[in-house]
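Biologist: I have a chain to go over. Please put it up, and then we can go through it.

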Amino acid sequence: MKRVIKSGLIVGVILFVISYGGLFLSIMFFPALFVDYNNPLFNSDGSRDVLFYMHAFIISMALSWFWERFKPLFKGGSIIRGVEFGLVYGMVALLPVMWITFSTMDITVVMVLSWLFYGIVQAIIAGVILSRINP
């Protein structure tokens, strides 16, 4: 369990930095995508903002546990294992969640696809890091 927590914290810090930086770059390069976020559905009074920033650590702990449990199933080098790990996570967890999210909320297909892409990229990055620090 100690290995899962340590790996999860390392991945969490890296994902936090990449995600936060990626958000600013995405807004700069794809501003039209973020116009849809000016919707009452996404407005917050600020009391839960810390939950948004904790996301990288929550997902990294879950992915670290998932990696520890299923890493023997992934073969090859660390990049191949990380990509396969991210794609498996995307198919098993993200795709069904994005499907139900799109079917129940008034959001665009592009928004849902961007979330799916973002989640898979996060999982691939986490998988590559985890395969190197916890082979």
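**Going through the chain**

Biologist: Where does Phe24 lie?
Modeller: Phe24 lies in helix 1. Helices here are DSSP runs of H or I with at least four residues, strands are E runs of at least two, and the numbering starts at the N terminus.

Biologist: What should I know about the model before we go on?
Modeller: This is a predicted model, in which local features need pLDDT of at least 70, side-chain atom pairs count only at pLDDT 80 or more, and totals for chains, interfaces and linings use all residues. Residues are numbered from 1 along each chain as its sequence is written, and side-chain values use heavy atoms, with hydrogens and water left out.

Biologist: Fine. Is Phe24 buried, partly exposed or exposed?
Modeller: Phe24 counts as partly exposed because its relative accessibility is 49%. The cut-offs are under 20% relative accessible area for buried and over 50% for exposed, with partly exposed in between (1.4 Å probe, protein chains only).

Biologist: Step back a bit. How many helices and strands?
Modeller: There are five helices and zero strands. From the N terminus, the order is α-α-α-α-α.

Biologist: How compact is it?
Modeller: The chain is as compact as a globular protein of 135 residues, because its radius of gyration is 16 Å, close to the 14 Å from the globule rule. That radius is taken over C-alpha atoms, and the rule is 2.2 Å times the number of residues to the power 0.38. Along the principal axes, the C-alpha trace spans about 45 × 25 × 25 Å.

Biologist: What share of the residues is buried?
Modeller: Buried residues are 30% of the 135.

Biologist: And the contacts: what share join residues at least 24 apart?
Modeller: Of the contacts (heavy atoms within 4.5 Å) between residues at least 6 apart in sequence, 77% join residues at least 24 apart.

Biologist: Back to helix 1. How many residues, and how far does it reach?
Modeller: Helix 1 has 28 residues and covers 40 Å from first C-alpha to last, close to the 40 Å expected at 1.5 Å a residue. The expected span is 1.5 Å times one less than the number of residues.

Biologist: Which of its residues are buried?
Modeller: The buried ones in helix 1 are Val4, Ser7, Gly8, Val11, Gly12, Leu15 and Ser19.

Biologist: What covers them?
Modeller: The cover includes helix 3 and helix 5 (109-133).

Biologist: Switching to Gly86. Which helix, and what does it touch?
Modeller: Gly86 is in helix 4, residues 78-104. Leaving out residues up to four places away in sequence, Gly86 touches Ile120, Ala123 and Ile124. Gly86 counts as buried because its relative accessible area is 0%.

Biologist: How many salt bridges?
Modeller: One, counting a side-chain nitrogen of Lys or Arg within 4 Å of a carboxyl oxygen of Asp or Glu. Glu68 pairs with Lys71, and the closest N and O atoms are 3.5 Å apart. Glu68 is partly exposed because its relative accessible area is 29%, while Lys71 counts as buried because its value is 11%.

Biologist: Now the surface. Which residues make the nonpolar patch?
Modeller: Tyr20, Phe24, Phe52 and Tyr53 make a patch of about 440 Å². Patch residues have over 30% relative accessible area and no salt bridge, with like charges joined within 9 Å and nonpolar side chains (Val, Leu, Ile, Met, Phe, Trp, Tyr) within 5 Å. Areas come from the Shrake-Rupley method with a 1.4 Å probe, and for residues only the protein chains shown count as cover.

Biologist: Which helices supply the patch?
Modeller: Helix 1 (2-29) and helix 3 (49-70) each give at least two of its residues.
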